Each structure stands twice: as C-alpha cells, then as structure tokens.
Amino acid sequence: MATGSSQIEDFGQVSRTVGTIFRYLILAATLFGIVVLAALLVYVANDALQPATADPGWYLTFFLTLVAPTALVGWAVHRRGPAAFTFGSFLVGLLVVSLMFSGGVGLLVVDVVPPLVGFSFAIAIAVPTAISVFLTRYSHRIGFTSRLSATAFVFYLSLFGLPGPIGSPIGVPQVVPSLARAIQSIPVIPVDWMMVGTVLGGIGGAVVGSYVAGVRDARTGLVAGGLAFAATLVSAVVGPFVGLNPVPSTVLTAVTVLPTATYAWRGAFTEERRPAGLGFAAVVVGGALVGAAATSTLGFAGPQSWVDWQFLTSAHSGSAENAGLYPAIGGSILLMATVAALSFPIGVGAAVYLEEYAPDNRLTRFVDVNISNLAGVPSVVYGLLGLGVFVTYLGQAAGTVIVGGATLALLILPIVIISSREAIRSVPSNMRQASYGMGATRWQTVKNVILPEAFPGILTGTILALGRAIGETAPLIMIAAPNVVFSLPTALESKVSAMPLQVYAWSSLFASEDFYTKAVPAGVVVLLAVLLAMNSIAIVLRNRFERTG
Amino acid sequence: MSQQNTDEQTTSEQDAGDGGSPDPTDDEMLIQTDVSESVDETSGTRRRETVVRAEHVDVWYDDNQALSDITMEIPEQSVTAMVGPSGCGKSTFLRCINRMNDLIDSARVEGDLYLRGKNVYDDDVDPVALRRRVGMVFQKPNPFPKSIYDNVTYGLEIQDKGGDYDEIVERSLKRAALWDEVNDQLDESGLELSGGQQQRLCIARAIAPDPEVLLMDEPASALDPVATSQIEDLIEELARDYTVVIVTHNMQQAARISDQTAVFLTGGELVEFDDTQKIFENPESQRVEDYITGKFG
C-alpha cells in the first residue's frame with residue numbers, strides 16, 4: 001500500500017519507564033522473599049548440622065570423591081543429553097527420598113505394628129480383595145447388588161468373623177473366627193522377617209509388577225513382580241552378612257531398592273535408553289560411599305552434627321545431647337496416616353459431589369464460600385473444635401492418635417476439597433461430553449473418565465495439604481497431646497506426640513541454652529526434611545500430570 | 001442393520017415406521033422398526049423409512065431462542081447434512097436428537113422429536129438409554145486418555161455388553177478405516193495418534209456399540225485436508241449401515257457427501273430441507289441461494 005513516495009524517517013519511541021520500574025520492583029520482592037527464607041534455613045541448618053566442626057580433610061576427601069566427579073560427569077552427561085541428566089538426578093533423588101521412607105516404614109514395622117498382627121491383617125485384606133476382583137471379572141454374569149453384598153460379606157468375615165462386632169453387643173458369642181484372628185492363633189508362626197518380608201515383598205512385587213507390565217507387557221510384569229517378591233525375602237537372609245538385621249533389610253529392599261531399581265531399569269534399558277543417566281547416578285552414589293569409606297580409614301572426623309543416628313532413634317531426655325526425636329517422628333507418621341485415611345475419602349468425595357453432581361443453587365454457592373473461608377480459619381480454632389467435639393462431646397481420651405488425626409484431618413479438609421475440585425475442574429469438558437455422548441451415566445463418567453484424569457492432581461493437592469498438617473502445633477496443644485512421650489504409640493487410642501510439638505516443648509518447657517542450640521535446630525531440620533520428601537513426591541506427580549495433560 | 005438391535009426387537013413394529021403415537025405401555029424405551037428393508041423391486045431403490053422426525057422443535061438458552069419451529073424428517077441409511085452460518089442452531093438441533101442439551105442447565109426444548117416413532121422428550125425416556133442408541137462424534141477429536149483398545153470398547157463397557165471385544169474392536173476400527181494404521185499399537189494411548197486418526201478413533205468408538213443414528217458435529221473442521229477427505233470417504237461408507245446426521249460449515253463437503261441437506265439460517269430457522277442436489281442446483285428460497293453461492297453468511 002505504502003508507495004515509495006512517502007518514506008518513513010523514524011518510527012519514534014514508546015516509553016517503557018513504568019514497565020521497567022514495575023519489573024525491578026517485583027524482582028526485588030521475589031529476591032527479598034527468597035533471600036530471607038534461605039538465610040533462615042542456612043541459620044537453622046548451621047546450628048543443627050554444625051558443618052564447621054568437620055575436619056578440613058573430611059571436606060577435601062568428599063570434594064575429591066563426590067563433588068568433583070559429580071560436577072564433571074554431570075556436565076558431560078548434560079552436554080550429551082539433558083534428558084539423561086534429568087533421569088540420573090531423579091534416580092538419586094528417588095534413592096534419597098525412598099531411604100527416608102524406608103526409615104518411616106521400618107519404624108512402623110519394628111516398633112508399632114507387631115509382625116504377626118500386620119501379617120494376619122494383610123492376608124485378611126488380600127484374600128477378600130482377590131475374591132472381589134475375581135467377582136468383578138465375571139461382572140457380566142453377576143448382578144451389581146449381589147456382587148456388592150458378596151464383597152462386603154467376604155471382607156466382614158475375613159476381618160471380623162461371624163457374628164463379629166454386630167453380634168457382641170447383643171451377647172451372641174463369636175461362632176466363626178475372623179481370618180485375621182485365625183491366623184494369629186495358629187500355634188506355629190513363621191519368624192518375624194518371613195512375615196514382614198511376605199507382606200512388604202507382596203506389596204512391592206505387586207507395585208513393581210504392575211509398573212513393569214505398564215511399560216512392557218503382562219508377562220514381563222509377572223516375572224518382575226515375582227523377582228521383586230523373591231528379592232525381598234532373599235534380602236532377609238543376605239542382610240545379616242552385611243550387618244543388617246533381617247527385618248530392616250527386607251524393609252530396605254522393598255521400600256528403597258525395588259523402586260530405585262525399577263526406575264533405573266526403565267530409564268536405562270527400555271526404549272528411553274538413557275544409560276548415561278544411570279552412570280551419573282552411579283558416580284554420585286559411589287562417590288558418597290567411597291568418600292565415607294575413605295574418611296573413616298583416613299581418620300577424618302565429620303561434622304559433629306546434632307542430627308545423627310542417636311537423635312533419630314532415641315526419645316526425649318533431660319540433657320540436650322541425649323535428647324532424641326524418635327517417638328515424635330513415629331507419632332507424626334501415625335498422625336499423617338490417620339489424617340490421610342480420614343481426609344482423603346471425605347475430601348475427594350465432597351469435591352466430586354460439588355463439581356459433578358451439585359446443582360448450581362444458593363445452597364451450593366453458600367457451601368462454596370464457606371469451604372473457602374474454612375481453609376483460612378486459624379488452626380488453633382480447629383484444635384478447639386477437635387477438643388470440643390471429639391474429647392468433650394464424644395468422650396474420647398484427649399491427646400490420642402485418633403483424636404489428633406481427626407482434628408488435623410478437619411483442618412486440612414477444606415484444602416483437600418479445594419485442590420481436588422481444582423483437579424476435577426481441569427479435566428477437559430470434551431472428555432465429559434464424549435463420555436455422556438456414549439451413553440454413560442454420571443457415575444460411569446466420574447469413575448471411568450474424571451477420577452482417573454484428575455487423580456494425580458488430587459493426590460498432589462492432598463500431599464501438599466498433609467505437608468501443612470505435619471507442621472501444625474496449635475491443634476495438637478489444644479487437644480492436649482502430651483509434649484513428651486517416651487515410646488511410640490501402638491494403637492489408635494495411645495497418646496501421641498509429634499515433631500513440631502516436641503520442638504515446641506524443647507523451646508518452651510525445657511528452654512535452656514543447650515536445647516535452644518542443639519535439639520531445637522536438629523528437630524526443625526528433621527521436620528523440614530520430612531516435609532521436603534513429601535513435597536518432592538507431590539512435585540514429581542504434578543510434573544507427570546502436566547506432561548501428560 | 002445391526003445384530004444387537006434385531007435381538008431387541010419389540011412386538012409393536014407397526015407403530016414404528018410410520019412414526020405413529022408411541023405406546024406408553026411399551027416397556028422398551030424406544031420402539032424398534034423392522035430392519036429388513038422393503039425394496040421397491042421395479043425401480044431398485046429402497047423406500048427409506050424415517051428415523052428422526054422433528055415436529056415444531058423450539059430451543060431456548062435462557063431467553064434466547066436458538067431454534068424456532070423446526071420440522072423435518074431424516075430418512076435412514078443416508079447422510080443428512082446441516083449447513084448454515086455460525087450460531088444458526090444447527091449444532092443445537094443435532095444435540096436435541098440425543099438430548100445432550102439436557103446437560104446444559106439453561107437449555108430448554110419444546111416440541112416433539114421422534115426417534116423411530118418414539119418421542120425422545122417423553123417423560124419415560126431415559127436420556128442415558130437414548131444416547132446409547134445414538135452415537136455422537138464431536139467437532140474436536142476427544143479420545144479418552146486410555147489405550148486405543150479401551151477407547152473403542154468404552155461404549156460396550158459402560159453398557160455392560162458381553163461379546164467378543166477383540167472382534168468388535170477389529171470390526172469397528174476397520175469400519176473407521178483405522179485398523180491398518182493402529183492394529184499393532186492397540187495398547188498405546190489414543191492421545192498419541194494424529195488428529196485425523198484421533199477423529200477416526202472417535203468414530204470407531206461411536207459405532208462400536210452399534211447405534212442406530214450417528215450424529216457428527218463438524219467432525220472434520222479441526223482436521224487438515226487429507227484427514228478431512230479420509231473422514232468424508234468414511235462417512236459415505238458408514239451411511240450404508242447407519243443413519244448419519246452431520247453438521248458442517250463447509251458447503252462443498254455437504255454437497256460431496258450428503259443425500260439430503262438442511263439449510264439453517266440466522267435466527268434458528270430451518271429455511272429449506274431437500275435432496276442435496278436440489279438444494280445446491282435449484283433452491284427454492286432466495287436466501288438459501290444467496291447463502292450457498294456465498295453472497296452472505
């Protein structure tokens with residue numbers, strides 16, 4: 001259109017002053033937050049880990065065996081393929097996180113659930129599950145109602161026997177013992193590691209098997225599952241030769257070795273083909289091991305950190321040097337298990353109802369607003385609610401696992417509902433349309449399309465909410481959870497303490513220079529490490545979700 | 001037409017073909033017609049029975065009228081195209097046939113719409129059961145994030161239909177002209193296919209449970225020309241077995257593939273409905289001629 005007759009001399013300038021000022025202001029805000037947070041973490045970690053107390057030789061050794069090779073190999077691997085580097089770092093991360101989890105599982109297996117009880121209940125759940133899966137396979141021939149009642153009956157029989165808790169209040173004696181009870185009463189019982197190994201290896205084998213079956217085919221999955229089960233049992237026999245008791249070595253195999261090995265296999269030897277990443281992971285792990293061996297032979301002392309084995313495995317003590325966090329760690333784990341078991345089904349159920357079923361009317365809008373408000377209610381108010389409802393009104397003993405778990409579950413319930421709704425809402429509406437267009441009922445659409453699609457998002461939200469619950473102190477104080485317990489709770493009705501509560505107790509009741517500088521920072525670091533491990537799972541889930549969705 | 005449907009035939013066939021008043025005591029939701037064709041021996045053409053019959057259908061979204069007074073008859077085993085400018089209500093009409101409009105809170109449908117002689121807006125009609133007889137393919141390919149196999153069997157699973165799934169999957173994918181491309185990757189996710197393949201997968205999914213009518217809402221508008229022509233060939237093929245109702249923006253597409261064409265114009269009115277050839281060569285309405293020749297719309 002423009003012809004040569006009207007040449008443009010100058011386009012002029014558009015002012016960007018306001019935009020530039022705004023940009024640097026928000027940069028400053030971001031940096032301020034990050035720097036303050038980092039300074040706080042470094043301060044606490046320095047107190048807890050005491051890095052200055054280590055020998056310079058210790059640092060030098062680890063630099064030579066771990067840091068330098070990691071940097072070199074990492075750089076080389078990253079240059080050849082960033083995907084392999086990511087895979088390698090994930091593998092190392094998985095190893096670290098799964099080691100922490102095996103610590104948690106080990107704690108449950110060794111000190112909370114007696115092997116025989118765990119074993120009998122695992123079988124009493126596995127048998128009816130297998131039966132109901134079998135029934136579902138033949139669902140075309142069996143009606144839904146009869147299938148449901150058969151499933152419910154089999155579960156009831158297996159867990160409670162006949163007539164069970166229904167009969168006991170009216171004085172009917174137990175006629176048929178439950179499967180769990182029957183197993184517990186057999187005169188010859190296998191040794192502990194066999195029972196623990198069977199249960200953990202069974203779960204591990206099932207998970208590994210289905211994962212491998214998803215990557216390859218069903219037969220490979222079956223073989224891998226069988227191998228994983230066998231490996232767990234064999235590890236109990238091999239364990240004592242490398243200085244591990246049989247039970248911890250089965251836990252270590254099932255919770256750490258199996259997932260790490262499966263992930264390594266997938267990344268390195270399937271079609272993804274990133275053996276370089278495996279090499280990188282091997283350099284990191286090998287470097288750490290060689291470094292540890294070298295420092296102990298050369299006699300270089302590591303840092304005198306307060307977070308040590310003794311701190312993790314002993315109970316509170318009058319002196320800060322001997323104080324430990326073990327009962328509080330166990331208490332937190334049990335509380336989180338209770339919270340997850342309570343808040344997940346209720347929260348997800350409410351979210352599904354509100355998103356998929358509820359009509360858009362005043363009542364649901366009222367509920368909407370209130371859920372958002374409840375998410376912001378201070379936690380101490382929830383503590384008061386828990387005390388009022390569970391302890392005063394329902395007459396439960398104060399400070400127990402079940403009361404604490406239920407109170408914290410109430411606390412995070414709004415967050416679980418909101419994040420689950422968000423995940424459900426993000427399922428593309430054309431998938432709903434496709435399902436309804438095929439003639440699916442609402443329930444079929446929810447079950448087959450919406451929940452599978454939304455599940456990673458729901459799980460991410462729930463884990464982040466659990467992360468909030470694990471750090472809560474005020475509700476536990478309100479329900480009169482004891483500040484200090486010396487042993488792990490063994491039942492839902494036992495008194496429980498938790499990590500943040502123990503740290504709070506050290507900083508208030510036992511306030512002394514010693515506790516301030518030693519036990520408190522160590523407790524905070526352990527709490528943060530557990531929190532980070534949980535969040536890392538949430539982040540991994542979310543990344544996978546975003547990539548597929 | 002389909003094995004499934006012949007098995008479910010009811011006793012009141014005489015009610016069906018002529019679209020007479022439905023028998024309320026009939027425990028079947030929709031009345032089946034006899035699928036054996038009455039062939040006119042002299043001319044060799046088949047007398048086509050009406051499958052969908054709309055009588056004075058109005059649709060409102062809140063206070064906006066999207067369709068006004070639609071009356072038309074859609075014959076079986078043919079392709080009926082609906083064309084018209086955006087917002088003229090042609091998709092709305094399509095969604096009336098399988099009551100997908102029920103899912104929109106603000107939508108309100110008045111008038112009568114008969115499928116094989118049964119008014120689908122009767123109180124005793126379960127929209128879910130209706131949708132199991134009327135397959136639908138959407139504008140944007142929307143396979144489920146499941147394997148190709150599970151996508152095709154979805155309709156069978158939710159209807160709790162028995163049968164040899166492997167065989168049905170193979171047959172449906174062959175009919176959807178997708179079998180040769182995917183037969184070695186049935187376990188892979190349907191989302192990993194290309195757009196055109198995804199749409200053909202959606203067609204396979206829609207025809208797997210053997211519906212009576214196949215509704216297609218601009219099935220090729222999100223696809224490239226090659227995939228579009230594959231889908232068009234497929235639609236002509238499918239019309240041998242199914243009654244296909246297709247909404248399209250594309251005049252040439254309607255002219256190429258359809259037997260009848262309905263022209264909707266702004267305001268939600270059905271201006272003309274006739275054999276495609278007649279609509280495109282000699283339309284009665286001036287507005288239709290203007291629209292088809294591109295003078296407006």
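## Two domains in chain B

Chain B splits into domain 1, covering 3-133 + 211-292, and domain 2, covering 143-210. Where these parts meet, domain 1 of chain B contributes 14 residues to the contact and domain 2 of chain B contributes 13 residues.

The largest share comes from α9(B), with five residues. Sorted by class, that side of domain 1 of chain B has ten nonpolar, three polar and one charged residues.

## Where chain B meets chain A

Now look across to the neighbouring chain. In this contact, 19 residues of chain B touch 15 residues of chain A. On the chain B side, α4 (127-131) and α5 (148-158) each provide at least two residues. Of the elements of chain B, α5(B) gives the most to this side, with three residues.

What kinds of residues does chain B bring to this contact? The side of chain B that touches chain A holds nine nonpolar, five polar and five charged residues.

## A sheet of four strands

Next, find the sheet in chain B. Four strands make an open sheet in the order β2-β1-β4-β5 (chain B), and their pairing is antiparallel. At the edges sit β2 (64-75) and β5 (118-119) of chain B, each pairing on one side only.

You can follow one of these pairings strand by strand. Strand β1 (residues 50-61) of chain B pairs with β2(B) in the antiparallel sense over eight bridges. As a place to look, Val52(B) stands opposite Ile74(B) in β2(B). In general, strands of a sheet pair through backbone hydrogen bonds, either parallel or antiparallel.

## How confident is the prediction?

For the complex, the predictor gives an ipTM of 0.81 and a pTM of 0.82. Chain B has a mean pLDDT of 81, and 84% of its residues reach 70 or more.

Where pLDDT is low, the predicted coordinates should not be read in detail.

Technical notes:
Residues are numbered from 1 along each chain as its sequence is written. Chains are lettered from A and ligands numbered from 1 in the order in which they are written. This is a predicted model: local features need pLDDT of at least 70, side-chain atom pairs count only at pLDDT 80 or more; totals for chains, interfaces and linings use all residues. Two residues are in contact if their C-beta atoms, placed from the backbone, lie within 7 Å. Ala, Val, Leu, Ile, Met, Phe, Trp, Tyr, Cys and Pro count as nonpolar, Asp, Glu, Lys and Arg as charged, and the others, Gly among them, as polar. Domain bounds come from an automatic or database domain assignment. pLDDT is the predictor's confidence in each residue, from 0 to 100. Two strands pair if DSSP finds at least two bridges between them.
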